[in-house]
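Here is my note for a colleague coming to this model for the first time. The points are numbered and can be read beside the display.

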Amino acid sequence: MRTTLRLILALLLVVGAWVVGHDVSILDAPWTSGWPHPIAGVVLQAVSMVLAGFLIIRWGFVRPMARTVQWMRRIRMGEPPDHGRLPKGGWRPLTRELIQLARSLTSARASAEEEARLRLAGQARWTAERLKEHVRSLLGGRPFVVVANREPYLHVRQGREIRCLVPASGLVTAVEPILRACGGIWVAHGSGEADRDTADHAGRLRVPPEAPAYTLKRVWLDKREEEGYYYGFSNEGLWPLCHIAHTRPVFRAEDWAHYQRVNTKFMEATLEELEGSDNPCLLIQDYHFALLPRLIKARRPDAKIALFWHIPWPNPEAFDICPWARELLHGMLGADLLGFHIQFHCNNFLDTVDRTLESRIDWEQFAVNRADHTTRVRPFPISIAFQEGPATSPSAVPTSAIKEQLRTRLGLRGEWVGVGVDRIDYTKGIMERLRAVERLLDKHPSLRERFTFLQIGAPSRTLIQRYHDLGLELDKETERINQRFQTRAWRPIVLLKKQHSHEEIMPFYQGADVCLVTSLHDGMNLVAKEFVAARTDQRGALILSRFTGASRELRDALLVNPYDIDQVADAIYYGLTMDPEEQQARMSRMRETLQEHNVYRWAAHLVTELATIRPLPPPPQASPSQDVVDSPPAALPASASVRP
Ligand code: F6P
């Protein structure tokens, strides 16, 4: 009995619990029976308990405490804090918190250093900190709300676990750093299968999960709404309509009905978040919400509303084929400010309005006046959160080592690597790119077994037949080209069809000799900018379609027409064999551009323009009081336009 008790005691000590039990039967036993004497037994137990207690305190408390203190001291002194790893032997919940604290400290220190550096250099670059202060003083406590279909974090089930994922989306890459910096609310479709389990009854949760900075408000859509509004009208109708990439748009009346219904649903969800506050500032994102500006404005005239259109705007003839062109424009013109990536899309938009609706276009101010409401139209080229600092200082691991790791991991052969990173979408020109690689190997047989092209393709919108088919077509084309050239140890093309996280993509960008961004048409394309940002070594060549918004800024890329297969093949060859000095000069100029034109600047310009909107001077002639969409002839007599 006594032995059993001791064993239990020892076991409890090992698992960290402390229980004192005593077998009182010894009190009835004669003093002389058995050895050791019961008193000696009690003393022995007491001594062993004290000893165990001492060891537990030393190993379980003093040592981890000393390690944690040492680790914190390193952070305070600005030494590399080894963020990713917990100090060994520490207490997990506490050290996890400390890691967050360390991250915030390091990034605050980096921002402060960067601010100081820029102040000294007399420059005024936009940083997260500067944007935060700017937005705070501009809005003075008014709510800041972003509405976008795609949510920045979605939750999915993996076995019994729930995992949090960041979707493959340029919009998320660009807009998330702004919310992180400024706080506010992001209203989005809750599309993850475990999204409801991770939000409260109103669909709200604080994100990012590791360091909450703003609120994500999820809007729930049923299957039919998602099919009609997202897959149908938005992505089978408006997406091909605006991209003009030779995929015919499909317009179905039932999709349109869902699109209207879902826009109304988002209006209700947004209004719910605005209750009790005055003069809110709203940034609505993209083609999923053309109707939302007017819907909100009608209910909250005090709201300042911007709609940013992330995809191209086509010419008026192309847009006119949409059966609901007038309704879409009417909805958009409920905004105070409309943003596109480039001036060309602003011009197309104004031309489209001019031809479609009764309105007065002010070509001097770049504004539309309609029924006593003015909408400004401006270009705001979007970007990424690029900031020089520890995160962008030359990587500790040399490029050659990164490339070598990539080669080993993927079993590659040959010294040269090309990379492409896209959602699998027909607008991205992936098929044309594969054919350019084939052409390259035909033209330059010396590159066989020496060059491999890695294409990362994140599956996207696969419920749409065209996207589903494209995935299969890419497999086939890769196989065909590989069969033409492959040897026992080498294939020219490796197609990785899976979503990769930002961290997983990094070594591809950093280890590549050339990066191919050959969209057939693209509002901006942030992959091009991410590649440039990743090249802290100032090496690598960017081959960029001239039909992307990014080609307007990254003039040192090798600009190509993606339909011209020979030209793209030649550009790859030129990029691979480019003189290192030229490569460095081009890359460093592009990095300069990106530093200046980062996403903080984009947000600052957009929010400033929106928050400081004042009424324009009265129009030189009365504007038509047209405020309904089902009016007769779309075309307006030339006299109603003040185009110079
Ligand atoms: O280009 C428009 C856009 O919304 C991007 O901002 C984004 O990268 C992409 O489409 C993502 O599409 P989805 O949200 O449909 O996956």
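**Notes on the predicted model**

1. T270 counts as buried, at 0% relative accessibility; buried means under 20% relative accessible area, exposed over 50%, and partly exposed in between (1.4 Å probe, protein chains only). T270 sits in helix 7, residues 253–274. Helices (H or I, at least four residues) and strands (E, at least two) are DSSP runs, numbered from the N terminus. A polar side-chain atom of T270 lies 2.6 Å from the backbone oxygen of F266.

2. A word on the basis. This is a predicted model, in which local features need pLDDT of at least 70 and side-chain atom pairs count only at pLDDT 80 or more, while totals for chains, interfaces and linings use all residues. Residues are numbered from 1 along each chain as its sequence is written, and side-chain values use heavy atoms, with hydrogens and water left out.

3. Which residues surround the ligand? They are R150, S169, G170, L171, Y230, W239, D286, I311, R423 and R461. A residue is near a molecule if one of its heavy atoms lies within 4 Å of it. By class, this shell has four nonpolar, two polar and four charged residues. Here Ala, Val, Leu, Ile, Met, Phe, Trp, Tyr, Cys and Pro count as nonpolar, Asp, Glu, Lys and Arg as charged, and the others, Gly among them, as polar. Helix 5 (170–182) and helix 6 (223–243) each supply at least two residues of the shell.

4. Now the ligand's oxygen atoms. One is 2.6 Å from a polar backbone atom of G170. A polar side-chain atom of R461 lies 2.8 Å from a ligand oxygen. For the side chain of R150, an N or O atom is 3.0 Å from an oxygen of the ligand. A polar contact is a pair of N or O atoms within 3.5 Å; within protein, one must be able to donate a hydrogen and the other to accept it, and residues adjacent in sequence count only if both atoms are side-chain atoms.

5. The structure holds 43 salt bridges. One of them joins the side chains of E415 and R450 at 2.8 Å, N to O. These two are 35 residues apart and link distant parts of the chain. Both are partly exposed: E415 at 32% relative accessibility, R450 with a relative accessible area of 30%.

6. Helix 18 (residues 580–596) holds E582 and R586, four residues apart, about one turn of the helix. Their side chains meet in a salt bridge of 2.9 Å, N to O. E582 is partly exposed at 23%, whereas R586 counts as buried at 18%.

7. Is F386 buried or exposed? F386 is buried, with a relative accessible area of 2%. Its place is the loop between strand 12 (373–379) and helix 12 (399–410).

How values were computed. A salt bridge is a side-chain nitrogen of Lys or Arg within 4 Å of a carboxyl oxygen of Asp or Glu.
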